Each structure stands twice: as structure tokens, then as C-alpha cells.
Amino acid sequence: MSISRRGFLKIAGIGGAGAIAGAALPAAASESDFEGYPDRYGMLTDVSKCIGCRSCEAACNKQNKLPKPETPFEDLSVLDTKRRTTAQAYTVVNKYNTRGSSEPAFRKLQCNHCNEPACVSACFVKALTKTKEGPVLWNDKLCVGCRYCMIACPFYIPTYEYDNAFSPRVMKCTMCADKVAKGDGAPACAEACPTEAITFGKRSDLMALARERIRTAPDKYIDHIYGETEVGGLGWVYISHVPFDDVGLPTNLGGTPYPKFTKNALAAVPMIVVLWPVVLGGVYAFARRREAIDKQTRENAVANAIETTRADTQAKADQAREAALKRAASQAENEKKKAVKEAVDKALEEAKQQQSGEAPKEGGA
Amino acid sequence: MDNAKPKLFTPFNVITGLILLVGIPICLYRFMGGLGAVTNLDNNNPFGLWIAFDVLTGVALAAGGYTIGTIVYIFGMKEYHPVVRPAILTAFLGYFLVGVGLAFDVGRPWRMPYPFFMSQGFTSVMFEVAACVALYLTVLFLEIAPVALEWLRMKALRNILVKATIGLTIFGVVLSTLHQSSLGSMFLIVPNKIHPLWYSTFLPIYFFVSSMIAGLSMVIFESSLSHKAFKNIIDAEPHPFDHDKIVMGLGKAAAIVMFGYFGIKVIGVAHGNHWHMLATPYGLWFLVEMVGFVLVPCFLYALGVRAGNVKLVKFTSFLAVFGVVLNRFNVCLVAFNWELPMSERYFPSFMEFMVSLTLVTAGLVAFKWIVTRMPVLTEHPEFRESH
Ligand code: SF4
Ligand code: SF4
């Protein structure tokens, strides 16, 4: 029983050591260390200017050659239900009842092109990248379709072509990277917006513009630029006349860039790789040594017993057995008593058989 | 196994036959029609049953391989040797099915080698999981290969592999530590999507420690079942071993690990100061998991071992295994997206269930096929170990 008890302590010990080695250390620096590519582009949505006309949806659909929707873009009744991005729509406008105003507010959803995107860090084949121009782009040539990027995105943005059997794609806003790179103006949605609720430009310029708008109309705007610090900063930032929470922009995400949440756990990998073989190798060597000692003890006891038995008559055998046992016991650890006894018994038995086997032969000769 | 022809219409054959009959066409349909044709997955719920069960649960339940390997080869506790081979065979088949399950789940399975040969996303926990699972499957293959080699009487190759046992075991434990825990780390990136009672920075540790519970309990559970199902094979063994003693030892170990696991889970709740959430519906569900399927089996294990009640320990192993399964489902599905309205939540489709069931059934058939032919539950007379 005590053998196993010791083993269990070891098992429990493994748990402890694993806990130390694999521990997700508390995030050392919670805010972003990465300032972002200096000249990157971004977008600014002014929620107070959005009238929910869906022009941006239509423009996006056309620009990205997405399939025609069931209800035409002129039909505003779709605003009555909450929608999200889909594989057929990189952007959708939702209507919100808000605390700040009796009028409903509208906001366009799309990829926020985060400074340090969760989706990019989550992709195990680097199919997603944050370009230094600003857009976060997906690569059709690499994606395996594990959809971990969709799990990771805190804004529920990436979508998947579940109905495409042979080459399903991750679909999301590209900030019209191709169009912009060609020098063909701004992203389609920004060009289509009749109220200039969407502005395209260098992110640094957009931040200045946003600040300026808040400064000149402090009574109108909430004094915060959403995306300045959220999840380490967004490429697409927002200002609003109503609380951000009310237009579906969660304010509880914190300022930590999402890749940081898994970074420390990944940093523990080399620790385990180095530490574990050493610890386990040590335990193994220890166990081997103990085994060798036990074996030696057992063999000595057996040898002694055989010796004694051979020399003495059968009548004395019991006595010898006791003696051998005692000798063995003094050498062996207490818990080995039983094993030794078994070995001795067996040896005795064999010796006896041997003797009785040999006896007639001797007699015959 | 006599010279009489084996019966074809045994209950086992009929049930597995029916499952495969329904399941295999659905499996094919998955690849012809795409994920959307058979699953209830959507953009809010990209992970479903196949990740929660086939991958997360599969990996946890296959933890018996590294757990028993450590006990026998590294701690040198030879008395557990008789359960090593079935445990490693279970692990090998388990991980193989995890790979197959992943092939069903990812959108373009033919690209599964990409993370190794095309483009490495080192910042992704998924990369670590993929790399470790692939490597570990290889290790398990090498560990179980001697069984087939003995069967084929390929002595030389078999002896080389047996010599590598210790190295393979240590490598296997390193890989298991890494990926068992990183399956938990995978969810570290969604602090905003998982209910705070299940989300914790300790997730990797929780997953690793609970994998030991799953490993120990699965070996009890599975070896007890094998003992019943393959009685004729085991009884034919000239050197019978004391199965009950093994069960008791493993039960005791499991009780201790579970107690520790319960402790660190409590620390997690205290750390986040989430006590008040215990009185919510999610909190009650959390208590069901923690008390009903951790504390109670922990206590029952201890009780069974103390009272020498083998039956109780065997029954408890089922509870404990179920508890780990429940935990994986809770993290991946139940507590995930907990703030979304019911209409945007996920529930697996019938066809998803069937695919998972088909894979498990295929695994059972393979297990049966192997143990009735190869020296898994018994020792090969020509390769009997001297100990
Ligand atoms: S919003 Fe989501 S999809 Fe877009 S960059 Fe950020 S994490 Fe990625
Ligand atoms: S679905 Fe594609 S893009 Fe997204 S994480 Fe997986 S491999 Fe990367």
C-alpha cells in the first residue's frame, strides 16, 4: 500500500510542477507597446451623422462583387432586426434605441482593422495579416478554415462560407485595400455615404479630426473616441452622440491588445520543453536506483536462504527461513517485507524441488 | 475464438453496423455538401460539437496514455504494467480520431499540413495544438507499434522500439503537457465571450490537471469494460494480474488529483471574485459541474478506496470521466457566447451527432479488432517481459 502512496504524492507533485511551468503569468504590461505603423490608413465613423440609408451597404456589395441580397438595399425595413456581418455582406447598418436621444441611432458594422488584431494572432497559418497600410487582410492561398479567427475576434466580424464545399472562404471587410492601393480614391462605403458619416484618411489625421469635432461640439458628442485605446487601438474609430454601448460598441473590452491574452501561455512552451525532460528524467533515474537496491536486497536474501537450507536439515529449515527473513528485513525497507518473503518462499520451494529431484539420482549412482 | 465460426449477428455487430450504415453516408455528405449542409455552425458559433467533443473531449479522454506511461515507465511502478498497452492503444486511436474529427471540421482539410510545411503562425495557440497533436500521434504510433510487430513476429524492429520506450514516454509527457494545457489556452483569447465562471487565466492549468483526472479515470473505466468484454482473452493469460488492485491504486490517485483540481478551481473563482455569480442560472450550472462531477466523484473515489469497494471505484470513474466531458462542453459551447440571445446560440444538428457517433464507433471497432488479435490485454508468450 505504501508503494502506491508514494506514487500518488508524485502524481500530485506533477500537478504542482505543471501548474508552475504552465502558468499563464499575469500580463506584465497591460497596454499596447506597439504604436502601430505610423502612416497607416484608417476610417472614422461619426455615429451622429448616420441616417441609416444603407448606401454604404450597397456600395460595398458592388465593390466586392458580393451576391445580390434578398431584400434590396432601398428597403429599410431590414433595420428593424439586429443584423451582423455575413459571408454576403461585409458591412451592415443597424438601428438602435438609445439612452441619449428619443430618435433612434444608426451604426455601420464592419471589421475594425485593429492595430493588433486578435484574428491575426489566432491564425495558425498566417493567412491573416495586418498590413502596414492599415487594412487587415485574409489570404485565400493559405487559409485552412479552422475558424479560430472568428472565435478570437472580439467584435464578431469574420464570417465563413459554410455552404461552399470545396473552397470556403473567410469573408470580411478589406477596407477596399485593392481600390485604395490603385489610387482609386477612398473605400467604397466612404465614397457612397451621402452624409459624410464615414471618413477615410491617415489614422493620425482622423484622430485629430475626431478630436476637433468633439472640441467644437462638446454638448453633442460623448467625450471619447472609440477605438483610440480599445483592445490596443482600432484602425476604424468612432465618435458618437449616444453612449457607445447603446450602438453595439462594447465598452468592457479593455485596452489590452487581444494577442496579449495568449502570449504568456505560449511563452511557457519553451519552459516546459526544457524543464519537463529534466524533472521526469530525474524521477526516472531515482526510481531506477531504488529498483536496483530493492533487487539487490532481494537477491541477497534469496542467496542466504538457499545457503542455509542446503546446509541444514529439513527440521532446521523453518528456523533458517526465519533467520533469513530477519536478515532480509533489516536490509530491506519495511514495505518490501512481503516481496522478500514471497521470493524466499519461492526459492525455498525451488530448492526443495531441486533437492528432492537430485536425491534419487545420487542414490542411484 | 474456437474453431467454430465467429457469430456475425452479435449485439455489438448489429448496433455498430446500424450506426455505420447511417453515419458513413452523412460523413460523405459533409465533404460533398460542405459544412453548412450538415452542421448548425454559423458566424457567431464557429466551433461546434466536432470541436467540443471530437477534439477537446477526445484529447482529454486519451490522456490515459501519458498518465499510465508516466506511472509505469518513469515512476517505475511496474504493478500497473498490465494496463499500459490498452491505455496507449486507446490513446493512439483517440488521437487518430481527433485528427479525423479535425478533417471533418476544418473548411479545407487537404490543407491540414499547411501549418507545418507552408506557413507557421507561431503566435497562434492553435499552431501549438496542431504541432503537438501531430507529433504526439507519431509518438503514440511508435509506442503502440511493438504490439503489431510482436503479432507479426518482427523481433528486431520490435526490440529497437522497446528500447526507446523511456525516451518516447518522456517526449510524450512533454507534448501532452503542452497540448492538453494549450487546448485551454485557446480560449484565453475570448475573455469577452466566455462566462466569467469558466473564463480564467488559469484555463491552461485547469485543462492540464483535469486531463490527468480524465486519463486515470478512463483507464479504470476502459480496463473494467475490457475486462468484461474480453474476458475469454484475459482468462487465457497464464499469468493473471490483479486488476482490482490496479483499479484501487488509480482510484486513489484520481481522488487526490480531483481534490487538487477542485481547489484550484475555487481559487479561480476567488481570484476573479465571482462568488456573487454562483447564485445565477449559470452559477448553478457551474456548481453542478464542480460539485456533482468533481467533488462528489472525488469523495466517492476516496470512499471506495478506503472501504475496498471496487465496484464503487469503477462506477465513480464513469462520473469523473463525464465531469471532464462536461467541462469541455461548458467551456467550448455552454459558457461560450453566453451573452448572446438564445436565438443566436448553437445546438448541434442530428447529422453532427451522427458523425461524432460514427467516429467513436469506428474507434471501438478498431479497438476490438486489434485486441482480439494482437497482444494488448495479454502478453505475447515469446515476448514476455522479465520482471
Ligand atoms: S475587428 Fe475582428 S476581424 Fe477585424 S481586425 Fe479586429 S479582430 Fe480582426
Ligand atoms: S479560418 Fe483561416 S484565416 Fe481564420 S484562423 Fe483559421 S486558417 Fe486562419
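The model is predicted; local features need pLDDT of at least 70, side-chain atom pairs count only at pLDDT 80 or more, and totals for chains, interfaces and linings use all residues. Residues are numbered from 1 along each chain as its sequence is written, chains are lettered from A and ligands numbered from 1 in the order in which they are written, and side-chain values use heavy atoms, without hydrogens and water.

Chain A meets chain B through 72 residues, and chain B contributes 74. Contact here means heavy atoms within 4.5 Å. The two chains bury about 6200 Å² between them, 66% of it on carbon and sulfur atoms. Buried area is the accessible area (1.4 Å probe) that two parts lose on being put together, summed over both.

Four salt bridges are counted between chain A and chain B. A salt bridge places a side-chain nitrogen of Lys or Arg within 4 Å of a carboxyl oxygen of Asp or Glu. A:Arg147 and B:Asp105 form a salt bridge, with their closest N and O atoms 3.0 Å apart. Several elements of chain A give two or more residues to the side that touches chain B, including helix 1 (2–22), strand 6 (159–160) and helix 8 (259–311). Helices (H or I, at least four residues) and strands (E, at least two) are DSSP runs, numbered from the N terminus. Helix 8 of chain A gives the most, with 16 residues. By class, this side of chain A holds 47 nonpolar, 13 polar and 12 charged residues. Ala, Val, Leu, Ile, Met, Phe, Trp, Tyr, Cys and Pro count as nonpolar; Asp, Glu, Lys and Arg are charged; the others, Gly among them, are polar.

Ligand 1 has 13 residues around it, and A:Cys111, A:Asn112, A:Cys114, A:Cys119 and A:Cys153 come nearest. A residue is near a molecule if one of its heavy atoms lies within 4 Å of it. The shell of ligand 1 comprises 10 nonpolar, two polar and one charged residues. Ligand 2 is surrounded by 13 residues; among the closest are A:Cys123, A:Cys143 and A:Arg147. Its shell has 11 nonpolar, one polar and one charged residues.

Over all chains, the salt bridges number 16. One of them joins A:Arg213 to A:Asp46 at 3.0 Å, N to O. A:Arg213 lies in helix 7 (residues 203–216) of chain A and A:Asp46 in strand 1 (residues 41–46), so the pair ties together parts 167 residues apart in sequence.
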